Amino acid sequence: MKKLEMGELVYLEENREYVVISTVKKDSQDYAFLLTTEKPYKVKFALIKYEGENLNLEILHDKSLKQELMRLFQEKLSF
């Protein structure tokens, strides 16, 4: 099973390219922080689902979960 890594490119919504800024684990689930590679920049948070050898990203819409994840990503990325 291949893990999603920082700097990796993924394609979502109409083949729009996103770069993986970071990943975190919360409550035994893996999440990704994604940013488009072209303007206008868009940020997405996704649940990473591993299904056998396949990896699927489920875009999150829950505002409170996204806020909590943003805090975790900020802690992880702070220098």
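Select D30. This residue is buried, at 13% relative accessible area. Buried means under 20%, exposed over 50%, and partly exposed in between, with a 1.4 Å probe and protein chains only.

Before moving on, note what is on screen. This is a predicted model: local features need pLDDT of at least 70, side-chain atom pairs count only at pLDDT 80 or more, and totals for chains, interfaces and linings use all residues. Residues are numbered from 1 along each chain as its sequence is written, and side-chain values use heavy atoms, with hydrogens and water left out.

**Stop 1**

The term stands for a side-chain nitrogen of Lys or Arg within 4 Å of a carboxyl oxygen of Asp or Glu. K25 is exposed, with a relative accessible area of 55%.

K3 is partly exposed, at 42% relative accessibility.

**Stop 2: the helix**

Which residue forms a salt bridge with E75? Select R71: the closest N and O atoms of the pair are 2.9 Å apart. Both residues lie in helix α1 (residues 63-77), 4 residues apart, about one turn of the helix. E75 is partly exposed, with 48% relative accessible area. R71 is partly exposed too, with 40%. Back at the first stop, shared partners join K3, K25 and D30 into one salt-bridge network. A search of the whole structure finds 8 salt bridges.

**Stop 3**

Go to strand β2 (residues 16-26) and pick S22. Is S22 buried or exposed? S22 is buried, with a relative accessible area of 2%.

Next, show what surrounds S22. Leaving aside residues up to four places away in sequence, S22 touches Y31, A32, F33, F73, K76 and L77. A contact here means heavy atoms within 4.5 Å. Draw a distance from S22 to F73. The two are 51 residues apart in sequence, yet their C-alpha atoms are 7.0 Å apart in space.

**Stop 3: backbone details in the loops**

Some background for this stop. Most residues other than glycine have a negative phi, and most peptide bonds are trans.

Select E14, in the loop between β1 and β2. Its phi is near 55°, a positive value in a residue other than glycine. E14 is exposed, at 83% relative accessibility.

Move to S28, in the loop between β2 and β3. S28 is not a glycine either, and its phi is positive, about 65°. At 69% relative accessibility, S28 counts as exposed.

Then select K39 and P40. What is the form of the peptide bond from K39 to P40? That bond is cis, with omega near -10°. P40 lies in the loop between β3 and β4 (43-51).

**Stop 4: the whole chain**

Zoom out and colour by secondary structure. The protein chain has 1 helix and 5 strands. Read along the sequence, the pattern is β-β-β-β-β-α. The radius of gyration is 12 Å, close to the 12 Å that the globule rule gives for 79 residues, so the chain is as compact as a globular protein of that length. That radius is taken over C-alpha atoms, and the rule is 2.2 Å times the number of residues to the power 0.38. Helices (H or I, at least four residues) and strands (E, at least two) are DSSP runs, numbered from the N terminus.

Along the principal axes, the C-alpha atoms fill a box of roughly 35 × 30 × 25 Å. Of the 79 residues, 30% count as buried. Among contacts between residues at least 6 apart in sequence, 35% join residues at least 24 apart.

The accessible surface comes to about 5500 Å², and 50% of it belongs to carbon and sulfur atoms. Areas come from the Shrake-Rupley method with a 1.4 Å probe; for residues, only the protein chains shown count as cover.

Last, colour by charge. There are 13 positive and 14 negative side chains, and the centres of the two sets lie 5 Å apart. Lys and Arg count as positive, Asp and Glu as negative; His and the chain ends are not counted. Each charge is placed at NZ of Lys, CZ of Arg, CG of Asp or CD of Glu.
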